[in-house]
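Work through the following exercises with the structure in view, and try each task before reading its solution.

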Amino acid sequence: MSSAAEFENATSGNRAEPVAIWKARKYVDEHSREELSLTRVAKAVNMNATYLSENFKRVTGINFVDYVAHARFKNACDLLGNPRLRISEIAFAVGFQSLSQFNRVFKRL
């Protein structure tokens, strides 16, 4: 999994970014709590999934799957400050499909 620094670079906007990649990142950020796939995002930004995948990595420095995981991780960190929420509730609320998936991503990041 890519580092948090790579995610920050991908989200910082420090480089010229093609509109389609910006739209894909924006879509992921706005829909990260939902079930997301490369195909779904590609369709939303009117791109071929393979083309999006290759260009997403080239432009942002992080692959699509890692970007989605980081977006969900960031949302989870925001919610972890609420003592009334259980970790399992947070994991599902931010879009992870299972508690074990959440745990794996959380440990890596």
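**Exercise 1. Find which residues of H2 and H4 meet, and determine how the two helices are oriented.**

Solution. Ile21, Ala24 and Arg25 in H2 meet Leu52, Asn55, Phe56, Val59 and Thr60 in H4, where contact means heavy atoms within 4.5 Å. Sorted by class, the residues of this contact are five nonpolar, two polar and one charged; Ala, Val, Leu, Ile, Met, Phe, Trp, Tyr, Cys and Pro count as nonpolar, Asp, Glu, Lys and Arg as charged, and the others, Gly among them, as polar. For the orientation, note that H2 and helix H4 (residues 49-60) pack at an angle of about 95°, with their axes 10 Å apart. That makes H2 roughly perpendicular to H4, since angles under 35 degrees count as roughly parallel, over 145 as roughly antiparallel, 65 to 115 as roughly perpendicular and the rest as oblique.

The model is predicted, so local features need pLDDT of at least 70 and side-chain atom pairs count only at pLDDT 80 or more, while totals for chains, interfaces and linings use all residues. Residues are numbered from 1 along each chain as its sequence is written, and side-chain values use heavy atoms, with hydrogens and water left out.

**Exercise 2. Describe how H2 and H5 pack.**

Solution. Begin with the geometry: helix H2 (residues 19-31) and helix H5 (residues 64-79) pack at an angle of about 40°, with their axes 9 Å apart. The axes are lines fitted to C-alpha atoms, for helices over the stretch in contact, and angles run from 0 to 180 degrees between N-to-C directions. H2 and H5 are therefore oblique to each other. Next, list the partners: Arg25, Val28 and Asp29 in H2 meet Phe64, Tyr67, Val68 and Ala71 in H5. By class, this contact has five nonpolar, no polar and two charged residues.

**Exercise 3. Describe how H5 and H7 pack.**

Solution. The axes of H5 and H7 lie 10 Å apart, and the packing angle is about 90°. H5 and H7 are therefore roughly perpendicular to each other. Ala69, Phe73, Ala76 and Cys77 in H5 meet Phe102, Val105 and Phe106 in H7, and the residues of this contact divide into seven nonpolar, no polar and no charged.

Conventions
Helices (H or I, at least four residues) and strands (E, at least two) are DSSP runs, numbered from the N terminus.
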